[in-house]
Amino acid sequence: QLQLVESGGDLVQPGGSLRLSCAASGFTLEDYAIGWFRGAPGKVREGVSCISRGDASTYYVDSVKGRFTISRDNAKNTVYLQMNSLKPEDTAVYYCAAVSAPLCQGPYDYWGQGTQVTVSS
């Protein structure tokens, strides 16, 4: 079965950190560009970060630059999103998606089910 599974979401206080994982089964993530997206009630889903196929480039939305880091572990067939200095406005369901292309561009081939991140004191 071809699927992506996110994990690592949790309730964390402002200023805290989380690491989200996006693990693939049935296909090799190394062959795909991977994007992280987030969605919150009343807001349009936005692209947060992307890592290109071959890891030549990364992208971050302005609101997370300097706080989030995307990385890939090919041996574990997993992509990570390290999130530091979390803010309440980072609260959302985070999704990863894979596209068989050099760069992150729609339409994506696979989507995960999402993991909830809540930043609150």
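This is a predicted model: local features need pLDDT of at least 70, side-chain atom pairs count only at pLDDT 80 or more; totals for chains, interfaces and linings use all residues.
## Pairing around strand 3

Strand 1 (residues 3–7) and strand 3 (residues 18–25) run antiparallel and are joined by five bridges, with glutamine 3 standing opposite serine 25 of strand 3.

## Strand 9 and its partners

Strand 9 (residues 92–99) is largely enclosed by the rest of the structure, because eight of its eight residues are buried. Strand 4 (residues 33–39) pairs with strand 9 in the antiparallel sense over seven bridges, and within this pairing alanine 98 of strand 9 is the bridge partner of isoleucine 34.

Strand 9 pairs in the antiparallel sense with strand 10 (residues 110–111) over two bridges, where tyrosine 110 of strand 10 is the bridge partner of alanine 98. Strand 9 and strand 11 (residues 115–119) are likewise antiparallel and pair over three bridges, with tyrosine 94 standing opposite threonine 115 of strand 11.

Serine 52 lies in the loop between strand 5 (46–51) and strand 6 (58–60). Its relative accessibility is 2%, so serine 52 counts as buried, the cut-off for that class being under 20%.

The side chain of serine 52 reaches the backbone nitrogen of alanine 56 at 3.1 Å. When residues up to four places away in sequence are not counted, serine 52 touches Ala33, Ser57, Arg72, Pro102 and Leu103.

Key
Residues are numbered from 1 along each chain as its sequence is written. Side-chain values use heavy atoms; hydrogens and water are left out. Helices (H or I, at least four residues) and strands (E, at least two) are DSSP runs, numbered from the N terminus. Buried means under 20% relative accessible area, exposed over 50%, partly exposed in between (1.4 Å probe, protein chains only). A polar contact is a pair of N or O atoms within 3.5 Å; within protein, one must be able to donate a hydrogen and the other to accept it, and residues adjacent in sequence count only if both atoms are side-chain atoms. Contact means heavy atoms within 4.5 Å. Two strands pair if DSSP finds at least two bridges between them.
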